[in-house]
Amino acid sequence: MSRIIFHCDLDCFFAAVEMKQNPKYREKPVIVGADPKNGSGRGVVSTCSYEARKFGLHSAMPISKAYALCPHGIYLRPDFQKYVRVSRRVMEILSEYSDKLERAGIDEAYLDVSERCANLYEAKILAKQIKHRIIEEIGITISIGCASTKSIAKIASDHKKPNGITIVPPKYRNQFLYYMDITRIPGIGRKSRTYYNEKGVVTIGDLLSLNSNQVKQLFGKNGKWAWKVAHGMDNRDVCELHGKRKSISRERTFLTNTKDFFEISSKIYEINTNIHDKLDKEGIYYRTITLKLRFEGFLTRTRSHSFFYPIKNKEEAYNIAINLLKHYENYSKKIRLIGLKFSNLTRNPRKIQQKLIPHILEKL
Ligand code: TTP
Ligand code: MG
């Protein structure tokens, strides 16, 4: 069975963050980059909103040229720390949907959702859920591509930007790629394009019509790689490249909103057991447990409990989650979604939290 891989890429990221923060910039040509200094500025455009792209502006364009094309645009200096903070929050959300997450840049990540989705229909529902979460909690849009390899998922995420979902079932791969320019394959840039074009390869379809030996002879290693990508033969795994996992979480949406304690606690039991299976398998301990509740009307509340030392105890965790839930006993609204997050993770704790009696727990 082929893998189900997502490539998620935020739309006009730096500009989107600025537009989210300043509603008056929304739906305007916003350009983040160097100071244009009324047309004499040096430096380049980092990125720009889709409204600015209509004037021909794009990343890496000299800011003076951008100003000439779009003098009435809103020109802003980048605030990298702010973008890193937003990026972290987005990655945290994405990590809730798969344990296999690979950050590929400040605004993009691969997710292997093969374990979570039985088929591409489920993958589409999941992609919609992710988009919904990001817009709701971060306030910016993301595009998602889904395919059986990382490279095709990446090509797909770019296909219906902004705010798109593109699913490429393996049997439609050729059809999807056929008329695309050869540079859509990651690794073939503008410089190599001339070389490929001179040998009669303009589209990915042209590349697909050659056999592996011809490709190797004409274009060497780079060509062989591109040919494999186009044939869906990129078997690179989605792996955690950037540091350790910060948290493990799961959440579930109720089919119908509920206030029924039995139904809610059963769901907590299910999520808690599921996460502890994973924690046991990987030998991971945690120090913090967070219960997340989303009520009807999308009001979201979280409540955490931290231990002094790392712990990994399924029964203890369940009791704590139920105690956290009790804080909402008197809420009039029904619950729509429930989630558990385990954070402050560690693999080999030097000291382990001893089992605590309930009344001490309350005070920690
Ligand atoms: P990208 O994802 O390439 O671009 P984007 O998110 O702005 O637009 P798109 O909707 O097409 O995905 O890059 C992410 C961020 O990286 C971008 O917002 C700004 C920064 N960046 C630069 O600073 N310089 C560059 O040349 C590029 C390509 C990006
Ligand atoms: Mg982007």
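Q: What describes the packing of H11 and helix H12?
A: An angle of about 145° between H11 and H12 (residues 314-326), with their axes 10 Å apart. Packed helices are described by just these two things: the angle between their axes and the distance between the axes. Axes are lines fitted to C-alpha atoms, for helices over the stretch in contact, and angles run from 0 to 180 degrees between N-to-C directions. This is a predicted model, in which local features need pLDDT of at least 70 and side-chain atom pairs count only at pLDDT 80 or more, while totals for chains, interfaces and linings use all residues; side-chain values use heavy atoms, without hydrogens and water. Residues are numbered from 1 along each chain as its sequence is written, while chains are lettered from A and ligands numbered from 1 in the order in which they are written.

Q: Which residues make the contact of H11 with H12?
A: Among them are Phe261, Ile264 and Ile268 of H11, and Ala317, Tyr318 and Leu325 of H12. Contact means heavy atoms within 4.5 Å.

Q: What classes make up the contact of H11 with H12?
A: Nine nonpolar, four polar and one charged residues. Ala, Val, Leu, Ile, Met, Phe, Trp, Tyr, Cys and Pro count as nonpolar, Asp, Glu, Lys and Arg as charged, and the others, Gly among them, as polar.

Q: What describes the packing of helix H4 and H5?
A: H4 (residues 80-95) and H5 pack at about 145°, with their axes 11 Å apart. Their crossing is right-handed. Arg89, Val90, Ile93 and Leu94 in H4 meet Ile130, Arg133, Ile134 and Glu137 in H5. By class, five are nonpolar, none polar and three charged.

Q: What makes a space a pocket?
A: On a 1 Å grid over the protein atoms alone, a pocket is an open set of points with protein on both sides within 12 Å along at least five of seven lines. Lining residues have an atom within 4 Å of a point. The largest pocket holds about 870 Å³ of space. Of its 30 lining residues, the closest to its centre are Glu96, Tyr97, Arg116, Leu126 and Arg252. H5 gives the largest share of the lining, six residues. The lining has seven nonpolar, seven polar and 16 charged residues.

Notes:
1 Å grid on protein atoms, 1.4 Å probe; cavity = no way out; pocket = protein on both sides within 12 Å on 5 of 7 lines; lining within 4 Å. Points joined across faces, edges and corners; volume = space filled by probe spheres on them. Helix = DSSP H or I, 4+ residues; strand = E, 2+ residues; numbered from the N terminus. Left-handed = near helix turned anticlockwise from the far one by under 90°.
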